[in-house]
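Let's take a walk through a protein model, one piece at a time. Have a look at the sequence and the fold first.

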Amino acid sequence: MKQIFILITLTISLFAQEKYFINFRDKGLHLAKAGISMSQKLDMVKSYISPKAIARRERVMPYNEIITDEDLPVSENYINELENYGITIIHKLNWFNAVSAYLTDEQLNEIKNLDFIESVRPIKIFKTDKTFEFNDTEIYKSSNQNSITSLDYGSSYQQLQFSNIPQLHELGLTGEGITIGMLDSGFDWATHPAMRNMDVIDEYDFVFNDNCTANENGDDPTQDNHGTYTVSLIGGYSEGNLIGAAYNASFLLAKTEKIDTETRTEEDYYAAALEWMENRGVDITSSSIGYNLFDSDQTSYIYGDMDGATAIVTRAVAKAFNRGVITVTSAGNEGNYAWRKITAPADEFNVISVGAMDTDGAVSSFSSRGPTYDGRIKPEICALGRSVYGANSVGSYRYTAGTSSSTPLVAGTIALVKEFYPHLNNRQIRNLVLESGDNASSPNNDIGWGALSAVTMIEFPNISIENDYYQINKFFTNAVQDNDISAAYSINGVEQSEITITKNEKGDYCWTLPSLSEFDTLHFHYTYTRDNLEMRNPVNGEYTYYGNSEYVFLNTVDNNYETNSGKNELMQNYPNPFNTSTTISFFTKNKVSTQIYIYNILGQKVRTLFNGVPNDGYNTIIWNGRNDNGRMVASGIYFYQMITPDNSTAKKMVLVR
């Protein structure tokens with residue numbers, strides 16, 4: 001009884017105060033100081049940033065930026081100063097150089113003008129997405145009993161087959177070796193028959209600051225239902241009942257929501273959890289949470305804040321992505337409500353935001369729509385979000401609908417592809433997701449790039465670097481006759497000699513790219529024999545690669561395409577505005593000399609994007625936001641111009657960092 005009284009007293013005391021972010025001016029020392037080597041920097045953080053996290057960062061970050069001031073712990077001297085005022089620290093957020101704490105009005109007035117304090121602002125409390133639940137157990141029966149599957153998926157077959165996941169399971173891919181971080185309301189996994197054998201590396205409750213993510217004293221009885229359900233869609237395994245998309249993956253589980261009369265969370269929980277996961281070496285994060293409206297006594301975000309740079313949760317996702325983490329989140333369930341649009345952190349530039357589809361492949365009415373406030377297409381991709389079967393607390397199962405359902409299915413698909421191709425970094429994975437949607441040629445703000453196909457994703461060519469040579473890798477899920485496979489390619493429209501293709505031990509095919517400059521464009525396709533039939537991949541169009549980049553694109557537009565005018569023509573870039581790269585398309589005929597230049601708003605040329613003779617017909621080229629010296633240009637308005645002997649055309653685009 002005494003313990004209960006203390007808990008109640010503490011709760012009343014905390015709710016009599018307001019929770020704040022306290023941002024410090026600096027870390028007390030700086031890694032930029034002369035004479036500190038990277039090995040010394042790594043030694044400074046080795047107690048809390050794992051070798052796996054460092055290895056992931058090394059794949060996407062310059063060596064001298066692997067550890068920065070952001071990674072240093074907040075100053076203990078500053079924390080001690082705050083504690084002298086009777087302040088109890090809730091969370092330390094190294095990336096933001098901040099702590100969270102409950103403050104009385106008196107404490108707020110005492111500390112806000114201290115010389116080491118940069119700012120003190122209230123932490124916002126978010127209402128999270130509405131949950132849609134369906135109890136129709138007759139939705140899908142025995143459809144898993146077919147020749148392509150050796151596992152008994154039970155009622156979970158429909159959601160997996162929607163994204164062609166069982167075909168990857170048949171290849172032996174199960175998510176093994178991939179670490180997935182789940183951010184949700186709590187996880188009753190240890191006693192559930194579908195999850196008790198799940199490999200949970202670590203778990204943490206960021207609400208109560210302990211290591212139990214299942215329900216405990218002070219929780220609503222339904223607290224861990226939502227998280228239990230979402231993690232089961234990836235990690236569950238009970239044949240005949242439920243099989244998750246990547247059931248042999250390893251997991252980091254973070255409880256980041258507090259459920260009272262409605263689902264809600266506080267932004268410091270989410271930010272602290274992402275940093276915790278990144279430091280422990282997570283490969284993929286999945287959050288079936290979206291934030292826009294606050295509790296009634298808080299100031300709500302407005303649509304103008306869905307700009308990729310405002311919400312704390314959005315900024316935290318950006319910091320995780322910059323460190324190489326593959327970030328996946330729900331687009332939101334606001335489609336039938338006044339808000340309608342995506343919710344944070346789905347507005348982040350590089351996050352893979354996931355919409356929901358019905359069983360017939362149509363967008364679910366509740367699925368949040370794009371664009372972001374600054375005009376970017378959202379969501380990125382979709383999966384089944386209706387009638388999705390997963391685990392409930394206390395050992396039961398249920399059908400549920402929402403982007404909470406579709407998001408883990410996408411994260412699980414990514415885990416399988418990452419298992420097969422461990423060299424892929426998070427930027428490459430994001431590109432593969434987009435190219436693997438069934439609406440990739442014409443993305444929109446309802447379904448983005450369309451429904452994700454695991455088969456298309458693993459079969460889509462990708463780039464690896466072996467001993468400083470760029471290599472194109474390609475897998476065929478159905479057997480081909482090895483001796484009959486070949487690839488034809490051209491560079492800047494000039495056909496090249498035959499390619500030597502090598503088959504690797506795991507069954508994919510690879511070939512080494514010739515030496516290219518960043519201005520070169522390579523088009524290629526494969527021909528092969530299957531069941532004594534001559535086949536072509538892609539069936540239509542060409543794969544396209546731009547010199548010294550990480551990505552392959554699919555150009556399905558017929559080169560005999562003619563514009564309405566029949567003249568040389570420059571199209572609007574896509575996406576616009578853009579963050580990391582944008583595609584510029586143009587049409588030429590009669591193999592005319594063509595130049596494409598990029599100018600800033602002052603009329604200064606920043607980049608010669610193309611100077612040569614393109615293919616007759618439809619051409620595409622990527623601008624990566626760099627100038628002719630390879631440096632990133634600043635955010636702003638830019639103009640791109642196409643010059644041919646008979647025409648000069650310019651269009652406007654917007655770069656947003």
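Which residues does Asn94 touch, not counting residues up to four places away in sequence? Asn94 touches Lys27, Tyr48, Glu70, Asp71, Leu72, Pro73, Val74 and Glu275, where contact means heavy atoms within 4.5 Å.

Before going on, a word on the ground rules. This is a predicted model, where local features need pLDDT of at least 70 and side-chain atom pairs count only at pLDDT 80 or more, while totals for chains, interfaces and linings use all residues. Residues are numbered from 1 along each chain as its sequence is written, and side-chain values use heavy atoms, with hydrogens and water left out.

**Two loop residues**

Asn94 sits in the loop between β2 (89-93) and β3 (98-103). Gly437 is in the loop between α12 and α13 (454-459). Helices (H or I, at least four residues) and strands (E, at least two) are DSSP runs, numbered from the N terminus.

| Residue | State | Relative accessible area |
|---|---|---|
| Asn94 | buried | 10% |
| Gly437 | buried | 10% |

Leaving out residues up to four places away in sequence, Gly437 touches Ile381, Trp449, Gly450 and Ala451. Gly437 and Met457 are 20 residues apart in sequence, and 8.4 Å apart in space, C-alpha to C-alpha.

**Helix α3**

Now for helix α3 (residues 51-60), whose buried residues are Ala53, Ile54, Arg56, Arg57 and Val60. They cover an arc of only 160° around the axis, which puts them on the same side of α3; the arc is that of the directions from the helix axis to the C-beta atoms. These buried residues pack against α2 (38-45), α9 (267-279), α10 (312-322) and α12 (426-435).

**The sheet**

Next, 7 strands form an open sheet with parallel pairing, in the order β8-β11-β7-β14-β15-β16-β17. Two strands pair if DSSP finds at least two bridges between them. At the edges stand β8 (199-205) and β17 (381-384), each with a single partner strand, so one side of each is left without a neighbour in the sheet. On average, neighbouring strands are turned by 25° against each other, direction ignored.

Strands β15 (residues 326-330) and β16 (residues 352-357) pair in the parallel sense over 3 bridges. Thr329 has Ser353 in β16 as its bridge partner.

Helix α11 (residues 403-420) packs on this sheet, touching β7 (179-184), β14 (284-287), β15, β16 and β17. The direction of α11 makes about 125° with that of β16; axes are lines fitted to C-alpha atoms, for helices over the stretch in contact, and angles run from 0 to 180 degrees between N-to-C directions.

Key
Buried means under 20% relative accessible area, exposed over 50%, partly exposed in between (1.4 Å probe, protein chains only).
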